[in-house]
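Colleague: I would like to learn how to read a model like this one, feature by feature. Could we go through the parts together, with the general idea before each case?

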Amino acid sequence: MLSRLVYRPHGEVNRCPSCKGPRLENLDLIKSRRHEEKGDRLAFVAGCRSCGLIFVNPPPSKAELAQMYSATGQWNQERNADTINGADDDDNHDASEASPVEQRYAQLVQEWAAKLLPGQQPLSVLDFGCGRGPLLDLLKDAGFLTYGLDPATRHLVHKHKMLEAIPAEPTFDIVVSKHVFEHVPDPMSLMVQLRQSLKPGGFLLCGMPSMDELTTHKKLRYCINWSHHITAYTRQSLTALLTHAGFVVEAFPTPTRSDRLICVATSGVGALPTDPLSDARVQLRAFRKARDGRLRQLFPKRILAALQNARRI
Ligand SMILES: [Zn+2]
C-alpha cells in the first residue's frame with residue numbers, strides 16, 4: 001500500500017514566498033532531505049505564475065536559514081569545499097583572489113558605468129555578498145568608491161567600507177549582487193531593497209545559475225536544490241521578478257558559462273512577461289523527458305511524487 005497517493009510534503013507552502021500570491025505551479029521534483037525524518041524524500045520545484053519566482057517547496061524555515069548562514073553553520077563550513085552543489089568558483093565567495101568571473105564582473109561594471117553614467121566620477125559601488133572582496137579590489141583599483149556587505153560572513157575587509165545593512169536611502173551608483181539571489185527565499189524583497197539603495201540613474205548588475213540552457217548543461221542541482229540554491233532563474237523569470245521589484249532589464253550580457261546568467265537593470269517601469277514560467281517549464285520538461293523518459297511525464301506531479309517517494313518507480 002502506498003502511504004500517500006498524493007504527495008504533500010511537510011512544510012509545503014501554498015503562497016509565493018515573494019509576492020504572497022496563490023498561483024503556484026509544480027514544475028518538477030527534486031530530492032530533499034529537509035523533512036527526511038518524516039518520510040519526505042522529495043521537494044517540488046514550484047513556480048509562481050504571478051511574479052515568476054521559482055523556488056524549492058517546502059522552502060527552508062527562517063531558523064534553518066539563520067543556522068545555515070551563521071558563522072558556525074553549514075555554509076561557512078562547506079563554502080570552500082567542492083561539495084556544495086558541485087560548486088565552482090562563483091560560489092566560492094571566500095576566495096580573496098579575483099577569479100575570471102570577478103574579472104568579468106569588473107569589466108561589466110566599467111562598461112555599463114561608461115554607458116549609463118558617463119562623465120560622473122568617482123562612482124560608488126556596493127558589492128552585496130562581497131565575501132573577502134576580490135571584485136571590490138579590482139573596482140577600487142579602477143577608481144570606484146567601494147562598499148561591501150556580506151550577511152553570511154564577517155570578514156574584515158579593510159580596503160573597503162563595510163556595511164551592516166543595505167541603506168534605505170539612495171546611496172550607490174552601482175549595486176552588484178553576484179550569486180546571492182539563488183540563496184535567498186524571497187529575492188524580490190531583496191531586489192526592492194537594493195533598488196532603494198541606488199541613486200537615480202544607477203544600475204544593478206546581478207548574476208546567478210541559469211536554467212535557460214538546462215537541457216545543454218544538465219546541471220539541475222546547480223540551478224536548484226533543497227539546501228543552498230533554493231530559488232532558480234531563467235532570463236524570463238528574472239525579468240518578471242525584477243519588473244515587480246521596480247526595475248527595467250537593460251541587458252543580459254554574455255556570462256562566462258552557459259549555466260549562468262548575468263543581468264543589468266535600472267530603476268523604472270518595465271514590461272512584464274505574460275507567462276514568466278514558460279521558459280523554465282519547457283527546459284524542465286525537456287530535461288526530464290531526456291533523463292527519465294516520456295512515461296513519467298504522463299503522471300500528475302503529486303501522484304508521481306507519491307510513487308517516487310514510496311520508491312515504487
Ligand atoms: Zn510570486
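Colleague: Is β2 mostly covered or mostly exposed?

Modeller: This is a predicted model, in which local features need pLDDT of at least 70 and side-chain atom pairs count only at pLDDT 80 or more, while totals for chains, interfaces and linings use all residues. Residues are numbered from 1 along each chain as its sequence is written. A residue is buried if 20 or more other C-beta atoms, placed from the backbone, lie within 10 Å of its own, exposed if 12 or fewer, and partly exposed in between. By that rule β2 is mostly covered, with six of its seven residues buried.

Colleague: Which strands make up the open sheet, and in what order?

Modeller: Strands of a sheet pair through backbone hydrogen bonds, either parallel or antiparallel. Strands (E, at least two residues) and helices (H or I, at least four) are DSSP runs, numbered from the N terminus, and two strands pair if DSSP finds at least two bridges between them. Here the order of the four strands is β1-β2-β3-β9, with antiparallel pairing. At the edges are β1 (24–31) and β9 (231–232), each of which pairs on one side only.

Colleague: How many bridges join β1 and β2?

Modeller: Seven bridges join β1 to β2 (residues 42–48) in the antiparallel sense; D28 stands opposite V45 of β2, and L29 has F44 of β2 as its bridge partner.

Colleague: Which helices pack on the sheet?

Modeller: Contact means that the C-beta atoms of two residues, placed from the backbone, lie within 7 Å, and angles, from 0 to 180 degrees, run between the N-to-C directions of axes fitted to C-alpha atoms, for helices over the stretch in contact. Helix α9 (residues 278–292) touches β1, β2 and β3 (54–57), and its direction makes about 35° with that of β1. Helix α10 (residues 301–309) touches β1 and β2, its direction making about 20° with that of β1.

Colleague: How many residues lie between β2 and β3 in their hairpin?

Modeller: Five residues lie between them, and G52 in the turn has a positive phi of about 90°. The two strands pair in the antiparallel sense over four bridges, and V45 has V56 in β3 as its bridge partner.

Colleague: What pLDDT does the chain average?

Modeller: The pLDDT is the predictor's confidence in each residue, from 0 to 100. The chain averages 90, and 90% of the residues score at least 70. Over residues 81–89, however, the pLDDT is below 50, and this stretch has 17 contacts in the model beyond near neighbours in sequence.
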